[in-house]
Amino acid sequence: MTTYQEFIQQNEGRDGVRFSWNLWPSSRLEATRLVVPVSCLFTPLKERPDLPPVQYEPVLCSRANCKAVLNPLCQVDFRAKIWACNFCFQRNPFPPSYAGISEVNQPAELMPQFSTIEYIVQRGPTAPLIFLYVVDTCLEEEDLQALKESLQMSLSLLPPNALVGLITFGRMVQVHELSCEGIAKSYVFRGTKDLSSKQIQEMLGLTKPAASGQQGRPLAPQDAAASCRFLQPVQKVDMNLTDLLGELQSDPWPVPQGKRPLRSTGVALSVAVGLLEGTFPNTGARVMLFIGGPPTQGPGMVVGDELKTPIRSWHDIQKDNARHLKKATKYYEAMANRSAVNGHSIDIYACALDQTGLLEMKCLSNLTGGHIVMGDSFNTSLFKQTFQRVFSKDNNGDFRMAFGGVLEVKTTRELKVCGAIGPCVSLNSKGSCVSENEMGIGGTSQWKVCSINPSTTLGFYFEVVNQHNAPVPQGGRGAIQFVTQYQHSNTQRRIRVTTIARNWADAQSQIQHIESSFDQEAAAVLMARLGVFRAESEEGPDVLRWLDRQLIRLCQKFGQFNKDDPTSFRLSESLSLYPQFMFHLRRSPFLQVFNNSPDESSYYRHHFVRQDLTQSLIMIQPILYSYSFYGPPEPVLLDSSSILPDRILLMDTFFQLVIYHGETIAQWRKAGYQDMAEHEVFKLLLQAPLDDAQEILQTRFPMPRYIDTEHGGSQARFLLSKVNPSQTHNNLYAWGQETGAPILTDDVSLQVFMDHLKKLAVSSSA
Amino acid sequence: MNVNQHTPMASPYGQPQPGYTQPGYAPLDGGYPAPYAPYNGPASPYQPGAPPQGYSPFTSFPSKAVAANPVSDLSSPLDLGISGPARGPPTTGPPPISAPQQYNQYSHSQGDMQNGPPPMTQAQPRPPVSQPYNPGAMNMSGPHPTYPQHYGPPPTMQQVSNQMSGMQITSGPPTPAGPGYAPPHSSQPPVSTAYSAAPPPSYTQAPPPVSSAPTQPPPSGPAASQQYYGSPPPPSQQPFNSSLPPTSQQQFTSSSVPPPPSQQTLPPSSYSGPAPPAGQPPAPPVSQPQQSFPPSQPPFSSAPPPTSQPAFAPGPPPTAPGSFPPRAPPPSSQPGSYPPPTSAPSCQYPGPLPPQQQPPPSQPFPYHSGPPPPRAQMPPTSMAQSNHLPPGPQGPPGPPGPLQQPPSQPGMQTGYPPQQNGAFGQVRGPQPGYAGPYPGQPNYGAPAPAPAPAPPAQKRLDPDAIPSPIQVIEDDKAKSTEPFTTGVRGQAPPLVTTNFQVKDQGNASPRFVRCTAYNMPCTADMAKQSQVPLAAVVKPLATLPPDETPPYLVDHGEGGPIRCNRCKAYMCPYMQFIEGGRRFQCGFCSCVTEVPPHYFQHLDHTGKRVDCYDRPELSLGSYEFLATVDYCKNNKLPQPPAFIFLIDVSYNAVKSGMVSIVCQELKTLMDYLPRENPEMDSIVRVGFVTYNKVLHFYNVKSSLAQPQMLVVSDVSDMFVPLLDGFLVNVNESRLVIESLLDQIPEMFADTRETETVFGPVIQAGLEALKAADCAGKLFVFHTSLPIAEAPGKLKNREDKKLIGTDKEKSLFQPQVGFYNTLAKECVAQGCCVDLFLFPNQYVDVATLGVVPVSTGGSVYKYTYFQAQSDQERFLNDLRRDVQKPVGFDAVMRVRTSTGIRATDFFGSFFMSNTTDVELAGLDCDKAITVEFKHDDKLSEETGALMQCAVLYTSCSGQRRLRIHNMAVNCCSQLADLYRNCETDTIINFFSKYAFRGVLNNPTKAVRDTLVNQCAQILACYRKNCASPSSAGQLILPECMKLLPVYLNCVLKSDVLLPGADVSLDDRAYLRQLISCMDVTETHVFFYPRLLPLMKLESGSLPVAVRDSEERLSKGGVYLLETGLHLFLWVGASVQQELLLNIFGTPSFGQIDSSMTSLPVLDNPFSQRLREIIDSFRAQRSRYMKLMVVKQEDRAELIFRHFLVEDKSVSGGASYVDFLCHMHKEIRQLLS
């Protein structure tokens, strides 16, 4: 018997699924008592190089409201050529093409190892990918130049048949026509005027073909001529566009002293969305927005153009002092929804030292599956490489991105789906498996994920609806099927089906089993997502309290202790790390806004709710490696006690990569020992973390901020703010330890936290 | 030079006038001296006239012929006198000389030189000069101090011509030939009488007289005239005749010799007539006192005239034996006409005396011819002194004049006026009455000689017997031989058809300002009674001929121009410095203002500032101030202006070839943007926009390799998409601009877009200028009715059924209010719009033109534009439009003396209040007509002053004020008013008034109003100024004798009386076009110039013929010009040789009537013809496309439309009919 650990990893590797519980309590009541809901992290497009897609279409259950896909869990009568749906128990005949089916000649989807299988849909037209650059020209010359180069470079990364378009904006919004020869032509919109999609299309001269276009179907070929003026195949306009980008001038309108440049981001996006809406609805497209500052005019403005009014801070927001916040948010939300409906995703690349309004605009990416990248300048490797990585390719030479995903969840009747948390929008598909109890984006069994990449991970939350008095038959299994339809980056339509099943367990009799099936990592991430999701709409302290209570309840449920005796408290191995995750989560920027601007918070949260489990965990609890002369690099506790003078530390918080040289190391380095032949070893030691960091940098998206610092350096704060403040200026002497570095903070340390937790968990009054 | 001059000025003599001229100029510009000097001479003479005081002294001096010299001497005496021209100052002698020069007119310099010495003995010099002419001039000048210049010479001419016309005799009229003229003279006397007769009856009667005339003349002018004119008037006529005859005869004789001279000579002759009696001595004095020495001299010569007379006499007789003699009478008529002018002057000055003395003399004189008038004047002007007086009386008396006129005079104090008016006997009367006045001579001449013509006349009014514009024009030309100096108040300038040079001596040049009346009635009652409109046509930025200096730029430093504290009038010659120069009193409001310390200057003993002639603002009529920041918008010095070209690229525009032509041409035009210093690059920035349903802006920043197009489809809410890169400096962005202009036609070659917008196009330009914070001009090239969905969208509302109804006016009004609002915004920004239209159908010019018209822009229309045939015209218009000097963001304000007020303005501009005329753009071709009304009394002493100040931004971005000052006389006698009117200006006013009237009134009502007012004017004259005569006699004031014919032209214009084939657009177009025309343009527009081309001489143009089909000979070729159209009419039986010369083809049938330019042939005739055509085109602000019209071709219909003396197809009356109608109206008013 394999351990749960292995089981979990196997499942994750095959299906991209991590459940909080791998045994499901068989009744609603028991499930509720488990505190952590039955839920999972699902990575729909997990890379499966070993899984070749099949070239036919899935067989669906014929029941109208079921439509589940034939899967290995279905019972099949090979003689009658009939299969029974394991979700609705409908008996379906196989289609004629399955005539030759037999026990020895089974289609792939019936084989157990194909619990995840991918179909290629041959029907329907294929549409090329579309990349629409929306570029802010209110940039410093240097920034603009760097951005232009990046954009030009990106052209070479696009598939030749991909359509590209360019919109630039500043005070005005320009939609560049790419087809014309000679004179560069562009359509200009005023940056202050909110235009309806129809108006935009009229003004761009796109209305005539639209009349004949059918709703909901790609119009690509027939009206290509019209849309082509703005969206052209890369291979055709490569040169043209390169020149155009090369000649891009920064916004020609003078910026008076004491003013911000007028930036019409809102209208520019509106035009971009309108343009795609009119030309390529329901076709995979990315709107890539590059901004160097906040929107300062027109709809969606985040801050006025007076420099003397600073952009909103958390303080302003709490005081309800952010004038434009609500209006702008509403504006961008509406736009994000429109865009999502049409299957277009919006990326935001914001590079500025100050905030750029991500707080208001985050929904653009969050709802459409787009990326958000935040940097200080377009002239940094952070941006350049991140941007390059957007176009990274897999082993087959295909982009690691997919478009227009529709993810449907089907459950067996004991389960209902409460909601999803991730870069998706609800498609409002009510069905029998939809719970009334919403968690995350609920009330539906279908979600649209406009852009998916292999690491895109959604959290799904379920509810056991089986009543306590109607036990599940022994050996019964609950099943969940994820059906993901999407447009592959090679323009194929594909359907990936993942069907998973877990055993039911009676929580009363099998609580031990259930406890051991707990996946504390997944649970921590799933709970964290719930917390972050709540934090978007609730006050920070409330969320923390809620999280604390959940933790306490969990500890009460599974801890072993004597009442009112904190010292007797023990947690089993499967839960042992969970409180620690929660401790770090509480301190994380996802829930703490202190020291973060609203934009940063939005940025962190954005990434948190879409990364896979490993990355999410890193975000919650950064990894700390220690390099020393005394042995190979080793992971060490994220604790102030790990900060030693003769160590080099490498911390990965996902967003930052910090290399920290201890005091002694730093002195040596300053003294230049590494350049001396006799201190070759020291040189190697210095090099080691750099190499490791490089490795991480190579694979991470977005590129983390890379920080090389040393003891006492200002940048060391990144490290100091993350480690557990086991030593602070308050207890430095009390502890009397000789190692580690005190952290100047009033935050509680893990130790204190655990003590409190134990106390509360064992308290009879709780 | 300057110094010398100054000193002279200072000199006690200091006759202000002389001083002015010389000093003023001298300081200003060394260059002047030469020209001035001569002028000075004249000026001095004139001056006397102007300022009473001055005059008297002068007169006395001048009277001595020598006086002139002295004057000049005083100023800058000695000088090189003559050379005066060169260095006027030195030659004091010159002054005199100069005088001569003036007179010389024909040969200024020569005369001057010679004169110089002679000055001493004026007589001598003069003779040498051009005896005949001079005399004429003399007379003329003599009569009217003011007039002198213009009239002076002209008078003679006029008189002659009038006489001629009166003569009936000379059919020749068409041919300017001397002989022809002669006859006219004779006719003159008759004229008045003839007219007098009732129209119809008169006609009948008239003929007979005519026939008889010839015979009669010889015997006794008077008698003849009487007969002709109808006995009724006879009495008056007779007198005239009698008086006239003698003079006229003489004249004729002289004239006979050289055609042109002949005319002039005539006058002289007249002088001679008088002179003899007066005695030579007297005569000279007369002349002297009067303006022109030269004239005077000639007169002297003429004085000798006695001798000359004889000489002449002989001459004439020979030429036109019998007939001529009769003409003699005409001269009398002339005198009559002229005299009036003279009398007028006289009135002003010595009012009392002159009248008395003069009356008699003047009367005679008038009739006689120029001579008398001069005398008349002389007397008035202090001249009265013995010398003058004598001459006056003598001259006049001698001739019958006294006899005839006396009566008239009695009636009027200035009996002259009536005469002048030359009451034209109607019909026949014309001959008599007009005779004098009307140039008709030629025409008449014809009839006269051949009795035959006369008979026809009986049946209907003989066209030759009525006042002829051609004659008047020619007379004026002959008269205006010397530069016109503006120093004399109330002096009417030569006609617009006359080439003359102007010397600014304190009043604005007539090229800048022309008035309807140079002698305004003192009271509102008089003004109301006369109904003569009091208006000035101001063309603030008019281009001056190369020999005249543009206004000087004066900088008063940081404080800005010195102004009156109360009325804010700018420093000008009318400001009177007092208290030793510490303060000045405003000539307009009389308020006393402190002189700022930096501007202080001591006064000389005459109360003038010592630096008077160093400062243009104290000595000139027109000059400019440099404005300070206080005069700028937002208190910021203006940015350099910008030109934005907005080109329609819809299907029609591309297909017609317009787009490619414009683009091609703009490439070269970029180098010719307006600039002030020809050696510098223009700082005007340019921008480009194309449009159809949407707008395309272009980024032509110099750093770009290729231009960029920015499409703005949001036409409902226009904005400008870029700033940097849109308006660029041509030199920096030349390559990009050229690339753009190359590509525009290609880009839209395949366009299918037919809809256009218009409102947003202007908004776009406006926004661009706003964004750039500068003023500028938009050039919009547009093809079609803007029906695309956008602000300012229009519907096709052309509905011919409305024409003639009460709703017709709505067709002239803009369809939507949008453009009015837009225009307002444009004006606020200083955004001037020039619109080039290329319509293939109705485009609603009435609406589209609102913005151009309100912003001081122009509308050009090329209906059915075709690249091949219309390209040249369009391109020339475009070139001129782009290159012409223009000011931006202008505000014009007219200040006047207390007593009158500028109440109404006509032209292309916008007014947001009642006083400020706001012009977003003001170019050199735009004129503004200002109407004045009394709000109090004016005084004869101070006259009426007006100051027109235009604040504008020059094309070099400098903020300036251009000031034009004008002073006119005031009169308490209606006769003076009538004697100092300018019909061309009145017509300009009437047309603008009427064309604006159609916006609010039915055209019929507008026409009736015009006729009515005109009738009242003439009736008032008849009632108050003319000598008593039969009610049936039509008597017209000399100055207004062409009023009926011109007015008829206005009434028949397409705007007021459209033919069936005239589109609404055309009417609206013309209506707008007229609104900003100056007098020259309206004149030729309403009365086209028709030149016979059978014989061409280099150096001079053939004398025009009247615009009537009867004047066209089948065997001839004619050139007709209206300022907008140019026709070459080819008679059906024209000589082969002529065809070969012109077209290079021997056959009439082979002439290609679609040609728009004549073949370049290597023969003198062809060369000359093309030269003429080119010179015509150069004179007009719009290029005229040449249309070749073959007789009896279909195109002839169009051509005939411009023969304005004929009945028009649309129902317009012929000249003759209209005159009868007018007479009827007048009689009704009188009864």
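Trainee: Where in chain B does UniProt place the feature "domain: Sec23/Sec24 beta-sandwich"?

Mentor: At residues 887–970, from an unreviewed entry. UniProt positions follow the numbering used here, feature names are shortened, and annotations may be inferred rather than shown by experiment. One caution: this is a predicted model, where local features need pLDDT of at least 70, side-chain atom pairs count only at pLDDT 80 or more, and totals for chains, interfaces and linings use all residues. Residues are numbered from 1 along each chain as its sequence is written, chains are lettered from A and ligands numbered from 1 in the order in which they are written, and side-chain values use heavy atoms, with hydrogens and water left out.

Trainee: How much helix and strand is in residues 887–970 of chain B?

Mentor: 0% helix and 64% strand. The end C-alpha atoms of that span lie 33 Å apart. Helices (H or I, at least four residues) and strands (E, at least two) are DSSP runs, numbered from the N terminus.

Trainee: And which residues of chain A carry the "domain: Sec23/Sec24 beta-sandwich" annotation?

Mentor: Residues 402–505, again in an unreviewed UniProt entry. That span is 0% helix and 55% strand, with its end C-alpha atoms 37 Å apart.

Trainee: What does the "domain: Gelsolin-like" annotation cover in chain A?

Mentor: Residues 633–719, according to an unreviewed UniProt entry. There the chain is 37% helix and 23% strand, and the end C-alpha atoms are 18 Å apart.

Trainee: Switching to the two chains. How many residues does the contact take from chain B and from chain A?

Mentor: 27 from chain B and 21 from chain A. Contact means heavy atoms within 4.5 Å. The area buried between the chains is about 2,100 Å², and carbon and sulfur atoms give 55% of it. Buried area is the accessible area (1.4 Å probe) that two parts lose on being put together, summed over both.

Trainee: How many salt bridges across the interface of chain B and chain A?

Mentor: Three. A salt bridge needs a side-chain nitrogen of Lys or Arg within 4 Å of a carboxyl oxygen of Asp or Glu. Asp717(B) pairs this way with Arg190(A), the closest N and O atoms being 2.6 Å apart.

Trainee: Which elements of chain B give two or more residues to the side that touches chain A?

Mentor: Strand S13 (695–699), strand S14 (708–712) and helix H41 (734–747). S14(B) gives the most, with five residues.

Trainee: Now inside chain B. How far apart are the centres of domain 2 and domain 4?

Mentor: 35 Å, taken over C-alpha atoms. Domain 2 is 641–884 and domain 4 is 1088–1203; such bounds come from an automatic or database domain assignment. The two bury about 840 Å² between them, 43% of it on carbon and sulfur atoms. On the domain 2 side, Glu872(B), Arg873(B) and Arg880(B) lose the most area to domain 4, together 47% of what that side buries.

Trainee: What is the salt bridge count between domain 2 and domain 4 of chain B?

Mentor: One. Asp870(B) bridges to Lys1185(B), with the closest N and O atoms 2.6 Å apart. H47(B) supplies the largest share of the domain 2 side that touches domain 4, seven residues.
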